[in-house]
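Here is a short tour of a structure for someone meeting it for the first time. Please look over the sequence and the model before reading on.

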Protein chains: 2
Amino acid sequence: MRITEQDLEALSIGAAILGTGGGGDPLIGKLMAQQAIREHGPVELISLDEVERDDVVFPVAMMGAPTVFLEKVPAGEEGYLAVRRMERHLGKSVTALCPIECGGMNSMIPFVVAARMGLPVVDGDGMGRAFPELQMETFHILGVSGTPACIADEWGNVVLFETVDNFRLESFARACTVKMGGYSHLVDYPMTGEQMKNTAVRGTVTMGIQLGRAVQAAHRNHSNPVDAVLAATRDTIYGHGIALFRGKVVDISRRTSDGFAIGQARLQGFEEDAGKTMVIDFQNENLIAKVDGQVVASVPDLITLLDPDTGHAITNERLRYGQRVVAIGIPTPEIMRSEAALAVWGPKHFGYDIPFVPLERAYPAFYQQVGVPNEKEKYLLQSSDASR
Amino acid sequence: MRITEQDLEALSIGAAILGTGGGGDPLIGKLMAQQAIREHGPVELISLDEVERDDVVFPVAMMGAPTVFLEKVPAGEEGYLAVRRMERHLGKSVTALCPIECGGMNSMIPFVVAARMGLPVVDGDGMGRAFPELQMETFHILGVSGTPACIADEWGNVVLFETVDNFRLESFARACTVKMGGYSHLVDYPMTGEQMKNTAVRGTVTMGIQLGRAVQAAHRNHSNPVDAVLAATRDTIYGHGIALFRGKVVDISRRTSDGFAIGQARLQGFEEDAGKTMVIDFQNENLIAKVDGQVVASVPDLITLLDPDTGHAITNERLRYGQRVVAIGIPTPEIMRSEAALAVWGPKHFGYDIPFVPLERAYPAFYQQVGVPNEKEKYLLQSSDASR
């Protein structure tokens, strides 16, 4: 599939939804990627099946606090610099790029570099959403080393990491990124095609494009864009999305700490949710949604606020007092829910003393009606003890 | 000159004096270096004249808050790891090591690695004292790039820096060092023998040994060790040391911030200084000494507190309420006082809105009597306008 400027338009809508409130607004990334495609031509998106076992795949991304990107547009050359540096370090030429996260701005960054270098982008990533830390990758969970990794900044500074584990990579790269002015361009988890096939969440770029196209179609047809988003999730590896809450933002707090945007949003319900309150906690991305104190959705399931009129995702940095929103939940792909995976990005990792509550268990009636992918059904049976 | 365990005994005394209150207590470094010499034999100390133009010289050091070293003795393998990594990075074999600072703990670290690798250590460093930041090097002032640089920690994590300037190196390496648990082992400013000859402060390891031997001799002879230290500075590139103040510690404050030990010591005078107060500000190293509000010594001149009974330097981390001390000043070598040098480590750099006051100007009568090296005389004439 050849990715054009129009596809990136759709992807930016879908990636914002998969960004679960964080990941950085895809807008700036989209402009960078569209510019690159205008200059160098479309980029080939290849499926995991098309990846060769001995391919050399580099995940490329930006690292840093999304709130910084809004004020400081990246120059666009840094990702290229980081990729070239990593090639030199490994003594190998890269044959394909991929996203580390298909949610938010980082859905776009591989296309910026791929267009310039004439490389394909692999249709898969390491989380199927957005997450705030570098070890929060299926690549990590499934044994790929995050290092050697390389970050570069707009002045041409480069730092190379060789760490004994991926948590140290996160720690060191985060510290340097803060000193680089709040963001950097990153290549980590350099891997073979075989490793990519075995560890990536598959089809996630396509998922982003599909969600975006559903929103665009709803606009053309004057149909409900939120319903369109939910319908577009139906036959995916994710599972059916669900409208969790309709409400108005009555309180929003956020602070930037150690390079993260941390905060909480409070929604007052209207329509069928009148009289109820939803509270959403986020650390870059939305982590936990509660209705009247009851957890209804939790990381790693996807929690996103949509504009009810446009179906566009509202990132936390753009969330404003008085805004009317629909909170939706999308079950995370099965690969993201393993015991090992939940140890890395389940609620406990983020400091919440609660088990992961899959959407299918919080809303059994809905999921009985719409059905869940076979794998998920199995998971629901397995996880019927609440201890997880 | 072959450096033996006994020489390191003397060096540890002298390096503490050149450490100007910071640099980390040489004790732990000495134990590491003595152990290495016991295992692998003595280390050749070569003068700058003996360095070959095409030598490959690596400065090696530890980076971090000295207060951390007291609680956490380094394993000793990390410096070796950093040197090997840098060799691999450059594709060159190192032929000599040198200190980045001859003051404090870092006077010893090159000997730890040199003994193990069978390499000589060059008798010269980048500051002739101790300083808190990586760009505070004559190497930097005189145009050597601090990068590629490499830090390693006790777990085997390695970070390589390629920065566009040496201030970024300091910033990034400091941030990673904090995340490494407070200290790291460092190779920076890798250079040719020719660069080393042109940029180093010469003979500074010998200076440290000489100061230490003076103290040891005073102990044997039951003569005054403080006088012995001052006398030992006489015919050096530094200039004659001077006793600034005799007093008792009546207040000491320190905090660790961003990897630095920052604070202030207050001394109440006794003997000829009875009724007077000295205040010393430090950031790892002593920066400014005032007597009754008047600046009497300032960075980059050396300000050190000695135990009046032993002549041993007292590092700020060991300074305690009620302690009796003699504050001494030693003029810094001329290469450290250039316009460019003062811009990097003069009082203004550390946030003091005062010009650098050379000891020779604060104490003209004393220096008229003892004399100053010719170069310094020239400096004193040139700097007679107080604007500097």
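This is a predicted model: local features need pLDDT of at least 70, side-chain atom pairs count only at pLDDT 80 or more; totals for chains, interfaces and linings use all residues.

Residues are numbered from 1 along each chain as its sequence is written, chains are lettered from A and ligands numbered from 1 in the order in which they are written, and side-chain values use heavy atoms, with hydrogens and water left out.

## Where the chains meet

Chain B touches chain A. On the chain B side, 22 residues are in contact with 22 residues of chain A. Contact means heavy atoms within 4.5 Å. The size of an interface is often given as the accessible area lost when the parts come together. Here the two chains bury about 1,900 Å² between them. Carbon and sulfur atoms carry 53% of that area. Buried area is the accessible area (1.4 Å probe) that two parts lose on being put together, summed over both. In chain B, the residues that lose the most area to chain A are B:Glu162, B:Phe172 and B:Lys179. Together they make up 31% of what that side buries.

Seven residue pairs are in polar contact between chain B and chain A, both residues at pLDDT 80 or more. A polar contact is a pair of N or O atoms within 3.5 Å; within protein, one must be able to donate a hydrogen and the other to accept it, and residues adjacent in sequence count only if both atoms are side-chain atoms.

Which elements of chain B each supply at least two residues of the side that touches chain A? They are helix 4 (78-90), strand 8 (158-162) and helix 7 (166-179). Helices (H or I, at least four residues) and strands (E, at least two) are DSSP runs, numbered from the N terminus. Helix 7 of chain B gives the largest share, six residues. By type, this side of chain B divides into 10 nonpolar, five polar and seven charged residues. Ala, Val, Leu, Ile, Met, Phe, Trp, Tyr, Cys and Pro count as nonpolar, Asp, Glu, Lys and Arg as charged, and the others, Gly among them, as polar.

Strands also pair across the two chains. Strand 8 (residues 158-162) of chain A runs antiparallel to strand 8 of chain B, and five bridges join them. Two strands pair if DSSP finds at least two bridges between them. A:Leu160 has B:Leu160 as its bridge partner.

## Salt bridges

Side chains of opposite charge can pair when their charged atoms come close. A salt bridge is a side-chain nitrogen of Lys or Arg within 4 Å of a carboxyl oxygen of Asp or Glu. The structure holds 33 salt bridges over all chains. Two of these are counted between chain B and chain A.

| Salt bridge | Closest N to O |
|---|---|
| A:Arg246 and A:Glu272 | 4.0 Å |

The pair of B:Glu162 and A:Arg85 crosses between chains, from strand 8 of chain B to helix 4 (residues 78-90) of chain A. B:Glu162 counts as buried at 18% relative accessibility, and A:Arg85 counts as buried at 5%. Buried means under 20% relative accessible area, exposed over 50%, partly exposed in between (1.4 Å probe, protein chains only).

A:Asp165 is partly exposed at 27%. A:Arg168 is partly exposed at 22%.

A:Arg246 is buried at 17%, whereas A:Glu272 is exposed at 57%. This pair links distant parts of the chain, 26 residues apart. A:Arg246 is in strand 12 (residues 242-257), and A:Glu272 is in the loop between strand 13 (260-269) and strand 14 (277-283) of chain A. Salt bridges that share partners join A:Arg246, A:Glu271 and A:Glu272 into one network.

A:Thr304 is in strand 17 (residues 302-306) of chain A. Is A:Thr304 buried or exposed? A:Thr304 is buried, because its relative accessible area is 2%. A polar atom of its side chain lies 2.7 Å from the backbone oxygen of A:Ile17. Not counting residues up to four places away in sequence, A:Thr304 touches several residues, including A:Ala16, A:Asn286 and A:Val326.

A:Thr236 is in the loop between helix 10 (225-232) and strand 12 of chain A. A:Thr236 is buried too, at 14%. Leaving aside neighbours within four places in sequence, A:Thr236 is in contact with A:Met207, A:Gln210 and A:Pro373. A polar atom of the A:Thr236 side chain lies 3.1 Å from the backbone nitrogen of A:Tyr238.
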